[in-house]
Amino acid sequence: MGYKNNNTGYREGLLENRSIIKKNNYAILTHDGLVNNVVPGFENTRISILGSPRMGASFSDFIAEFEKNGKNTLGFGGPGIETFVYVIKGNLIVADEAGNKDALTTGGYAFFPVDEKMYFENGQTETTEAFLYQRKYEPLAGYQAHKVIGNKDSVQPIEYEGMKDVLLWDLLPTDDLGFDMNFHILSFSPGASHGYIETHYQEHGAYLLSGKGMYNLDNNWYPVQKGDYIFMAAYTPQAAYATDREEPLTYVYSKDANRNPGV
């Protein structure tokens, strides 16, 4: 079954899909096969757990569909946890523990620093889809992260490593050591690619917002498309080609940052 694509019951063909899991290395999760999880606090919401520590990640990612009257009144996050939400489509009201509310429309996002819970409410009768993230915060003496509310359309993209057909949006401050992670959007025009296969300390959780492509994970190439989720562990070689004839290959993704790896 796949709760995201509403394929249930027997298939006409073989049981197969494109998902692949290499724990502690990389993973691709497609809509086909995702199940509807029960996560305490979410009501009238279809939610599926994507990346998690059980996969080898230092964070947890979710894809959530807030239906009519969908909400979370218990709070998302908790002691020692930082959180992020990105609205893929719709209108989501995000509130803090003091009752301050922000309405996030398509492309809107919110980051709450450690110990500040998020509360959600669907701001429309139609379904609102959102990508959620939570992670244990790594404190750094003398620095502290702060709440961020924004929208992708208000962020000026930059050319990724000087390539005019690859654009990067930085959603959180990149020069503030209070932040131990960041969120970005990377978009490849049809035919564009990374300039090289990246191999680095940071890990990623990425949700594909549009397009189709081929993704290199640990020097294996896989087809990917809108709606897929990709986990990339630390030091996993990675790169992408955009193969759609019309839409760019675009994804929103997390990256740990600004910390000494230790010994």
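Guide: Sorted by class, the lining of the second largest pocket has 5 nonpolar, 5 polar and 6 charged residues. Here Ala, Val, Leu, Ile, Met, Phe, Trp, Tyr, Cys and Pro count as nonpolar, Asp, Glu, Lys and Arg as charged, and the others, Gly among them, as polar. That lining is made of 16 residues, and Arg-135, Glu-138, Tyr-201, Gln-202 and Asp-256 are the ones nearest the pocket's centre. The space in this second largest pocket is about 190 Å³.

A word on the model: it is a predicted one, where local features need pLDDT of at least 70 and side-chain atom pairs count only at pLDDT 80 or more, while totals for chains, interfaces and linings use all residues. Residues are numbered from 1 along each chain as its sequence is written, and side-chain values use heavy atoms, with hydrogens and water left out.

As for what a pocket is: on a 1 Å grid over the protein atoms alone, it is an open set of points where a 1.4 Å probe fits, with protein on both sides within 12 Å along at least five of seven lines, and lining residues have an atom within 4 Å of a point. Grid points are joined across faces, edges and corners, and a volume is the space filled by probe spheres set on the points.

Now the largest pocket, with about 320 Å³ of space. Its lining counts 19 residues, with Ile-88, Leu-208, Leu-209, Ser-210 and Lys-226 nearest the centre. By class, that lining has 8 nonpolar, 7 polar and 4 charged residues. Strands E5 (81-89), E14 (181-188) and E15 (204-210) each give at least two residues to it; strands are DSSP runs (E, at least two residues), numbered from the N terminus.

Next stop, Arg-18, in the segment before strand E1 (20-22). Arg-18 counts as partly exposed because its relative accessible area is 33%; buried means under 20%, exposed over 50%, and partly exposed in between (1.4 Å probe, protein chains only). Leaving out residues up to four places away in sequence, Arg-18 touches Thr-30, Pro-223, Val-224, Gln-225 and Asp-228, where contact means heavy atoms within 4.5 Å. The side chain of Arg-18 also reaches the backbone oxygen of Pro-223 at 3.0 Å.

Last, Asn-69 sits in strand E4 (residues 59-76) and has a phi near 65 degrees, a positive value in a residue other than glycine. Asn-69 is exposed, with a relative accessible area of 53%.

Note on methods
Helix = DSSP H or I, 4+ residues; strand = E, 2+ residues; numbered from the N terminus. Polar contact = N/O pair within 3.5 Å; in protein donor to acceptor, adjacent residues only side chain to side chain.
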